[in-house]
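Hi there,

Here is the structure I promised to pass on, with my notes below it. Have a look at it first, then read on.

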4 protein chains.
Amino acid sequence: MARRKIGIWLIGAKGGVATTVTVGLVALKKGMCGPVGLVTHLPLFEGLDLPEYGDMVIGGHDIRTTTLYAEAQQLASNNHALDGSLVDRIKGELDKIDKNHRSGTLVNVGSTIEKFASDDLKKKGETPRAAIERIQADLKGFASDHKLDQVIVVNVASTEPPIEDDGLPTKWKDLEKLLDKPKKCPLAASSIYAIAALDLGYPYINFTPSLGSAPAAIQELAIERGTCHIGHDGKTGETLLKSALAPMFAARNLQVMSWVGHNIFGNMDGKVLDDPSNKKTKVRSKDRLLHQILGYSPQTLVSIEYIESLGDWKTAWDHIHFKGFLGTPMVMQFTWQGCDSLLAAPLVIDLVRLTDLASRLGEKGLLTFLASFFKSPLGTTEHDFVRQFQMLEDWVETQKAKAS
Amino acid sequence: MARRKIGIWLIGAKGGVATTVTVGLVALKKGMCGPVGLVTHLPLFEGLDLPEYGDMVIGGHDIRTTTLYAEAQQLASNNHALDGSLVDRIKGELDKIDKNHRSGTLVNVGSTIEKFASDDLKKKGETPRAAIERIQADLKGFASDHKLDQVIVVNVASTEPPIEDDGLPTKWKDLEKLLDKPKKCPLAASSIYAIAALDLGYPYINFTPSLGSAPAAIQELAIERGTCHIGHDGKTGETLLKSALAPMFAARNLQVMSWVGHNIFGNMDGKVLDDPSNKKTKVRSKDRLLHQILGYSPQTLVSIEYIESLGDWKTAWDHIHFKGFLGTPMVMQFTWQGCDSLLAAPLVIDLVRLTDLASRLGEKGLLTFLASFFKSPLGTTEHDFVRQFQMLEDWVETQKAKAS
Amino acid sequence: MARRKIGIWLIGAKGGVATTVTVGLVALKKGMCGPVGLVTHLPLFEGLDLPEYGDMVIGGHDIRTTTLYAEAQQLASNNHALDGSLVDRIKGELDKIDKNHRSGTLVNVGSTIEKFASDDLKKKGETPRAAIERIQADLKGFASDHKLDQVIVVNVASTEPPIEDDGLPTKWKDLEKLLDKPKKCPLAASSIYAIAALDLGYPYINFTPSLGSAPAAIQELAIERGTCHIGHDGKTGETLLKSALAPMFAARNLQVMSWVGHNIFGNMDGKVLDDPSNKKTKVRSKDRLLHQILGYSPQTLVSIEYIESLGDWKTAWDHIHFKGFLGTPMVMQFTWQGCDSLLAAPLVIDLVRLTDLASRLGEKGLLTFLASFFKSPLGTTEHDFVRQFQMLEDWVETQKAKAS
Amino acid sequence: MARRKIGIWLIGAKGGVATTVTVGLVALKKGMCGPVGLVTHLPLFEGLDLPEYGDMVIGGHDIRTTTLYAEAQQLASNNHALDGSLVDRIKGELDKIDKNHRSGTLVNVGSTIEKFASDDLKKKGETPRAAIERIQADLKGFASDHKLDQVIVVNVASTEPPIEDDGLPTKWKDLEKLLDKPKKCPLAASSIYAIAALDLGYPYINFTPSLGSAPAAIQELAIERGTCHIGHDGKTGETLLKSALAPMFAARNLQVMSWVGHNIFGNMDGKVLDDPSNKKTKVRSKDRLLHQILGYSPQTLVSIEYIESLGDWKTAWDHIHFKGFLGTPMVMQFTWQGCDSLLAAPLVIDLVRLTDLASRLGEKGLLTFLASFFKSPLGTTEHDFVRQFQMLEDWVETQKAKAS
């Protein structure tokens, strides 16, 4: 019997996370790296029918014109995020994957992101409708060129400025009408890609804090087309730690008075977040969980600053000021020195594998059991990391039970 | 109807933790402090019939001759662990409680602890059997003097040198025979107190890493007498953090290569732990959980050093070196500046309240649902803090369901 | 022979630093504290004829109406910056000193500082000239009431918004003409006080980053009146560390790529610095020295954020990313947990003692040998802390040599 | 005129520091790296007649049989201490330098170091006298083979167990007599090499904490032979920071109550220091300076622990607990993440360049002006880093003045 083939379509296909996903997937296929960092290689997942790396094909959209090899070499020379000699050994594969990349859309991405786009792209003004049609043609071409059984679209592009979705129509039929009226349609690229994918029945994963598939109308579209989606904002560093530590303060009834988090890093994501408007989207996403875990709102401060020399190495300092018995103030501090792309990439691969399985098993709409992967998981208010992970465990055990 | 009266009998009654428990309980009775740090004041516990502070009476054993007021003032002047003016305002109550204290036993406590004992006590050589009888007389006197419905014995004394329980008889009837033969009986004070309490049907809680009620024969005694017990080693600081953080590394499949923890502090507990033999017991207790949570054994190092100027402020630095995707090493570090007595004391009060309730509800043997309070919980291998806390939640919900 | 009497006139007399100076001076007079933190008690200064604490009298200006006792108790209860029982024991002295306080001026202090002023003061619009005359009357009254031989004015008020002194006349006679023209005179209160003091021949010390006596025209006034002054911005914490550490990186030819410093604290100074305009003055002062010590400009980031729970405890995290041999990036990080008022107050006392001596020895104009006390020392570009301290040592040795 | 040729003879020629010196020197010769980390490239040294990299030849002794290329590749793969592709490009040069290496001596190096030696070497029992003669033959062969004008011997071997030099004869003629009596001669290899070098008139630099040329009798030998030497223990990390920070605490009269330093790392040096006897030598060297800078002795704790995963990345956490004005305790903490070999290697190169110049300028005996390079500089009690560096500045300026 022929093996199923899975397409991974990355939005922001030349960016740090996508490049690392691509390099990592090639390395996994060739046995050049082990499974460290991949959640789906934990014993829990043994026995599940997850797709294998050899059956995956990568493509994607980007607004920049560069090559995967050039981007990967930059990640290698820039603070050792990747191993340069590994990148050299897989140059051939990377060059081939470049051919699967298509031009992205700039709809409402904001001026900071636009600056990275090619001139051609900037000139091309397109309505949301036209962008969707172009994207869908790209996706269908990818599927037919590679004889794919499934295409999973993952947004790993730079963070867009915040869009208030309060004013958005909550019904798909109403939202759809706005797609021809650029001035009335506040949706930005992340949602345009979501619509394009879901409308074709392809799952969509939003790994960024951008709006993506969050609006109710787009959620309705997913259900209507019988497909699934999830997001948003991959939980890779400081927020992951918050979601592991805050439950401890809560369960011990230690009163958090203030929680300050300073993040510094120097990759392209950092440059985009240096625009206060884009940063706002991110900070909001990082700051939400404390209230929900603690049940009250301590003073919080989250900063994200671009420090060029750090490259992809996200460094965070958190200062937690809490009150103990008899009112005595105490302090916990932590620093985190993690390579952002290397923390994000395996989660993208995990999400693709789990989403493919869920899709085959008939899951529709939000895949809330994937909450542990996200800073602001859609469809749940659970932010305690262990309890989120138990949602995943429960789902896995249920599937195993059904299968046996 | 007359209110039930609960006695709390503290082993190490003049020590830092016991003094803070005593000060705290007086402050709670008088409404001089709030419930911060007390787990049993979380919303989860609302509706449970937990004993009230006004119904609790404190007594205890100690080997030192000092006063609670003197000890409390030292904690106040020594790095602000307690508020000196609060201590002044409750001097009368503390002086009264001093009268409920009796002389402890030195059976096998080791030379470092012995040094703190009064000369009278040092001279008194007693067999384990004699010590148990003396302790039981003290407990019965306490109960009758104060018309108590229950006495709960809590060990908060200094850590004893390690005792290998491999050679111990596993049956109570065999162990009991050794009590008259001091040279053949390796049990130390913590177990002597446990036997004395359990034999009278009183619950026993071991908040220290000493052996206490852990031996199988003593567990059998508890069942036989129809009472309950739990331990050991209160989880208040660095280990608490490990049990909150390690599950995150495990669930993300990030490979911990080494986990180094350096602890410095300057209270009496620190002086005792400066003896390498006593320290061994403690380090062993702190170091156990990583293997159980991670499923493998990274290189670990745990040090505890006595730095006089820090007083009761336990300061810990942990350095976690882990491998991410594609084998790249990353680092998390944290520092913890917590006041040890203030972190421990509310947990002791919580344990007493929950143990009293469990006892009334007929629980016998190990109260494993209290695992989240301990570094080395008896009766379970679960070390993930959130999952341990869920054991408590489950028990509470079950009792609520039964009651309604 | 009658002892000389020295007046210390504090601008911001009810603020955290001034209150701590006042409490500290009373405690020193009464032998209630030792000399820890006082530079002038180092062996170096033995044999110098420095004024004694018993000969000092405190007065000052403030725009707030509160009492020293109330402020001191707040510093005591607010995170243990002062010892409450010490404050209680000297309440009588503090109440007396309150009577030496006069209303300050609001000239150009900016809206954030104005908010703290009494309504009466806000209504009183006065020209710079009128303010100077009023201040001078206060100073002369203080001197005659207490039969003082010297009055030393020290600015410890909140930081004003930055004033560009580029457009200021550089000659005193030209600047003086502007004092009657409020709209043309950009000088703010810190400079108004400086003019008032220096014009009377009284020394002026600017412990804040505000402009103070820095303008060339005011420096000329000091020379003309035969008196001395110095500033600005007391070096108490993070910048002190920078000035001790940066020379090490420079001398080892380790290339600092970026130096990030995040400061959090919650005292009134913090509230004022939460106004971005006032903060700008401070950040500028903190950020200057790296270029001067290193000889090049790494990327720097300095943030100061108001976190209420921290009170007077300034907590700083600095992340220094540097390149070593063969281009390898390395990292140093530090955290600093210091009580701002307690770090500043002894330096104010030291500066008063040294300035009094310098004045008696005939020093005129800038006292550059005091550079080690300041973040942005006037009259020198030396920022290496040890070399700055050697300037003080050299001056002291010279005076000793002259005297013998 | 023919250029002078300088030989650098490294004791421990295959170790981490020596390998990095060798790789670095080749890279400098070929213009493959810049001068970052090299002190002698600071503007201060412009105009001095320092030897150029093209005129230097490397040789050395080691007790292990491996190749420079293998060691360098291990440093490259082991946590990115070196760049693997750089190492590949200079393999030819490294292989040539291997031929300049000779077998070292095991005289009194202790069992932990002996374990690394080849079996042949272990069998060879030689008297100190015989070892010296063999070493001198090697040095003379090196000089004649390469037509060298100077040979400078640098000890970068592993730390030996401590040797008390109290009982050593203080006269060279008396010490010399012991060289034939192995049982009476407590000198270890580091001193044997020092004698061999100095006796031939070659300068000797001790970059390790081992005894080396410190004994008075060996110092006398250096003077007699008209040559120079210096040591000991290169100051590269935590101690460097102490010598930059402690003067700040001293000059501010902030009372250091305790200074705790925990060092973790995983290179071969670390394995040797895991032997408590060898560690003792190191800790003693690291702990000395605080008393000398502060003028009193705070409680100190210095630990060095072997954590394999860290490789050459020395990570240190220092906790400084100090008392400020009015007795309030405050805290500074720092962490240092530096690559030990890369911090040490450029200093070795600097020391060779400066020692060659000093030797040509006629300096004899201890080169105390090089104190800033050492944890325990011979011939001076100055430990303040900036003041030590000024000793170097003064010497340089004096030489410049003489030359002009």
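M332(C) stands opposite W336(D) in β10(D). That pair belongs to a strand pairing that crosses from one chain to the other: β10(C) and strand β10 (residues 329-339) of chain D run antiparallel and are joined over seven bridges. Please keep in mind that this is a predicted model, so everything here is computed from predicted coordinates.

**Chains C and D**

How many residues does each chain bring to this contact? Chain C gives 63 and chain D gives 62. Between them the two chains bury about 4900 Å², with 66% of that on carbon and sulfur atoms. On the chain C side, R252(C), F325(C) and L326(C) lose the most area to chain D, and together they make up 19% of what that side buries.

Two salt bridges are counted between chain C and chain D. One of the salt bridges joins the side chains of R387(C) and E393(D), at 3.0 Å from N to O.

Which elements of chain C supply at least two residues each to the side that touches chain D? They are α1 (16-29), α11 (238-251), β9 (313-323), β10 (329-339), α15 (340-360) and α16 (385-403). β10(C) gives the most, with eleven residues. By class, that side of chain C divides into 43 nonpolar, 14 polar and six charged residues.

**Chains A and B**

Now for the other pair of chains. Here 62 residues of chain A are in contact with 62 residues of chain B. The buried area is about 4900 Å², and carbon and sulfur atoms give 66% of it. R252(A), F325(A) and L326(A) supply 19% of the area that chain A buries against chain B, more than any other three residues.

The rule finds two salt bridges across the interface of chain A and chain B. In one of them E393(B) meets R387(A), with the closest N and O atoms 3.0 Å apart. Residue pairs in polar contact between chain A and chain B number 17, again with both at pLDDT 80 or more.

On the side of chain A that touches chain B, at least two residues each come from α1 (16-29), α11 (238-251), β9 (313-323), β10 (329-339), α15 and α16 (385-403). The largest share, eleven residues, comes from β10(A). That side has 42 nonpolar, 14 polar and six charged residues.

β10(A) and strand β10 (residues 329-339) of chain B pair in the antiparallel sense over seven bridges. Within that pairing, F334(A) stands opposite F334(B).

**The sheet in chain A**

Inside chain A, seven strands form an open sheet in the order β3-β2-β1-β4-β5-β6-β11, with parallel pairing.

Strand β1 (residues 6-11) and strand β4 (residues 150-155) of chain A pair in the parallel sense over six bridges. I6(A) has Q150(A) as its bridge partner in β4(A).

Two helices of chain A lie across β1, β2, β4, β5 and β6. Helix α9 (residues 189-199) runs at about 160° to β5(A), and helix α15 (residues 340-360) runs at about 140° to β4(A).

**A few local details**

Over all chains, the count comes to 84 salt bridges. One of them links D95(B) and K91(B), whose closest N and O atoms are 2.8 Å apart. Both residues lie in helix α4 (residues 91-98) of chain B, four residues apart, about one turn of the helix.

The backbone has some spots to check as well. A cis peptide bond joins G231(C) and H232(C), with omega about -10°, and H232(C) lies in the loop between β6 (228-230) and α11 of chain C. In chain D, the peptide bond from G231(D) to H232(D) is cis, with omega near -10°; H232(D) is in the loop between β6 (228-231) and α11 (238-251). K147(B), a residue other than glycine, has a positive phi near 50°. K147(B) sits in the loop between α7 (128-145) and β4 (150-155) of chain B.

Best wishes

Notes. Residues are numbered from 1 along each chain as its sequence is written. Chains are lettered from A and ligands numbered from 1 in the order in which they are written. This is a predicted model: local features need pLDDT of at least 70, side-chain atom pairs count only at pLDDT 80 or more; totals for chains, interfaces and linings use all residues. Side-chain values use heavy atoms; hydrogens and water are left out. Two strands pair if DSSP finds at least two bridges between them. Contact means heavy atoms within 4.5 Å. Axes are lines fitted to C-alpha atoms, for helices over the stretch in contact, and angles run from 0 to 180 degrees between N-to-C directions. Buried area is the accessible area (1.4 Å probe) that two parts lose on being put together, summed over both. A salt bridge is a side-chain nitrogen of Lys or Arg within 4 Å of a carboxyl oxygen of Asp or Glu. Ala, Val, Leu, Ile, Met, Phe, Trp, Tyr, Cys and Pro count as nonpolar, Asp, Glu, Lys and Arg as charged, and the others, Gly among them, as polar. A polar contact is a pair of N or O atoms within 3.5 Å; within protein, one must be able to donate a hydrogen and the other to accept it, and residues adjacent in sequence count only if both atoms are side-chain atoms.
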